[in-house]
Amino acid sequence: MADMKVYFDHNATTPLHPEVKKEMIAAMEMFGNPSSMHSYGREARANVEDARRKVAGFIGADEREIIFVGSGSEANNTVLSLFVCGTSQCIAGSKMRSTIITTKIEHPCVLETSECLAHRGVRVKYLDVDQYGKIDLDQLAGMLGDDVGLVSVMMANNEIGTLQDIEAITRMVHNSGALMHTDAVQAIGKVPVDVRELGVDFLTISAHKIYGPKGVGALFVKKGIPYCPLIRGGHQELGRRAGTENTLGILGLGRAVEMRALEMPEEEERLLHLKQVLRKGIEERIDDIHFNGHPTDSLASTLNVSFTGVEGEAILLYLDLEGIAVSTGSACASGSLDPSHVLLATGVDAELAHGSIRFSMGRESSMQEVEYLLDVLPPIIQRIRNMSTAYIKGGLHAASR
Amino acid sequence: MLQAGEWAYSETLKEHFMNPKNILQGENTDDFDGVGMEGNLQCGDQMMVVIKVDKEHDVITDCQWKTYGCASAIASTSVLSEMVKGRTLDAAFHISPKEVAQELGGLPDHKIHCSVLGDKALRAAINNYYTRNGKEDKVKQDQVKVICQCMSITDHDIEDAVLEGARTYFELQERTKLGTVCGQCKDEAEVLLEKFKHIHFGV
């Protein structure tokens, strides 16, 4: 077995930041219900509100605009589900605006919720993306109209890292009278996010992608924007999300954004350099590859590569045997039969989508790890290609050899 | 706290994935008596099986392969190539995906479809051998029967849908669109659904 362990799957989840861990361990005895008036409750309340200030400060919001939720998926579900209310007159004035616009490369929690809403009478339009994963603003302009109530576009894509121009998109959306949501789960803590600069009405945050704990996230809802809870039956979060607060998780999220604010500026440049070395190394050492995602408007931490004639799950598992953790857009690793919807939306053919690997680095990733990967990867690809039908006589890529 | 399992699949599968047996080296298949290829890269799986045959006794003496696919696909072709050596063509022809999965120490349900191409490619190789040796009468074509006339869905499509996870008539319809027009094929399709569930999953 490998002696080196390399975790290059930070877009899936991240380890707890040591500072977050420290703070959560110190708070482990805090069990009070923030809604209680006694000292136990007041202690918990103080910590929840402290975390709320930190999260609000991190994205330039007012603390009353932050709702703590159970996950990024819950936040996204909440925002989209508001618009069923649009058709049923829950939200005054929104009845006639029952169309939602989103993109073909959103996280499944947006896409599947959109599909579900479509069954319930909401009209959903999907924006295409170009070969780099960018949406077309002209297509958006064509779709916007007085029937559109909400536009939801992710800030950074989890699979290919492509960043969208949320500020420009929001301006267009607001000019047409619709509300704007961005799923910033992958962007937050990696690129600067300021809700006032972006102008968005809703923004989704998840703790475990930024070295915080799992099971907690935050939803920014701009003051004065119509809102309807997804989980009802309690006064918590000013009646916007029922259920006793996940106090420890919220405290962890608060500490996580604090640490991001400190570490992020230096880290982006360092990761970008690592990514450039990784990209160049793969390009030089392995034939027949295809980089996915935008060459510049992309997360510094994320590199997505397709290897022709090689299936991704096989690469993932051989890398795992060498101690390297990555993820793949192959169907086989997902339990479904369809490869990555994101890559297919960028026009990559199914074979390349099956053969895609996502490397996502993080705060502890080092040049030594990149070099180890670059040593280990080429023989693995060579080995899999040697047993693949893709390059043999009559095979699809026979001519290229 | 539990520790990570040793491996995503069974130990046998891991062994065949880490050290696959009988990979065809290079691309020269001239020394072999039968060649079969199934699947395609777009779908994520493609397998080629080549065999050498003791022509006097119709017994497979060597079996090699190439596979484009995931760990289960690679391991299932590897284990299949070991299983068929020494078997008669007739016996080898009837190896089922279930036997291959058993030999691998079991496969998760959603991985069964990764192992069905190997035996298909093997049957193609055996038929290829018969054709090359003037024994066309022995070539066994997989019989295809159209079950749903409206949507042109065959028994093979139903089998594939079962292998890919369909367990109820509704799920079968979701995957194949079978019986969504006139609906006359429902009874026949349900019988086949049960049959393939039994063959592949023993339920």
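Predicted model: local features only at pLDDT ≥ 70, side-chain atom pairs only at ≥ 80, totals over all residues.
Reader: Fine. Which domains does the assignment give for chain A?
Author: Two entries are listed. Domain 1 covers 6-13 + 264-389, and domain 2 covers 18-259.

Reader: How far apart do the C-alpha centres of domain 1 and domain 2 of chain A lie?
Author: They lie 28 Å apart. The two domains of chain A do touch: 22 residues of domain 1 are in contact with 22 residues of domain 2.

Reader: Which elements give two or more residues to the domain 1 side?
Author: β10 (302-307) and α11 (341-345) of chain A. α11(A) gives the most, with 4 residues.

Reader: And how do the residues on that side divide into nonpolar, polar and charged?
Author: The domain 1 side that touches domain 2 of chain A has 5 nonpolar, 14 polar and 3 charged residues.

Reader: Switching to the sheet. What's the strand order in chain A?
Author: β2-β8-β7-β6-β5-β3-β4. That is 7 strands in an open sheet, with mixed pairing.

Reader: Why is one side of β2 and of β4 left without a neighbour?
Author: β2 (66-69) and β4 (123-127) of chain A stand at the edges of the sheet. Each has a single partner strand, so one side has no neighbour in the sheet.

Reader: How much twist from one strand to the next?
Author: It averages 20°.

Reader: Back to β2(A). Does it pair with β8(A) in the parallel or antiparallel sense?
Author: Antiparallel, over 4 bridges, with β8 of chain A being residues 217-221. In that strand, A:Ala218 is the bridge partner of A:Phe68.

Reader: Which strands does helix α4 of chain A touch?
Author: Helix α4 (residues 108-119) of chain A packs on the sheet and touches β3 (99-103), β4, β5 (148-152) and β6 (179-183) of chain A. The direction of α4 makes about 155° with that of β3(A).

Reader: Now chain B. How many residues of chain A are in contact with it?
Author: 23 residues of chain A, in contact with 23 residues of chain B. On the chain A side, α10 (312-321) and α12 (350-354) give two or more residues. α10(A) has the largest share, 4 residues.

Reader: How does the chain A side divide by residue type?
Author: Into 12 nonpolar, 6 polar and 5 charged.

Reader: Last thing, confidence. What are the ipTM and pTM?
Author: ipTM is 0.86 and pTM is 0.89. Chain B averages a pLDDT of 88, and 99% of its residues score at least 70.

Notes: Residues numbered from 1 in each chain as written. Chains lettered and ligands numbered in written order. pLDDT = per-residue confidence, 0-100. Contact = placed C-beta atoms within 7 Å. Nonpolar A, V, L, I, M, F, W, Y, C, P; charged D, E, K, R; others polar. Pairing = 2+ DSSP bridges. Axes fitted to C-alpha atoms, helices over the stretch in contact; angles between N-to-C directions. Domains from an automatic or database assignment.
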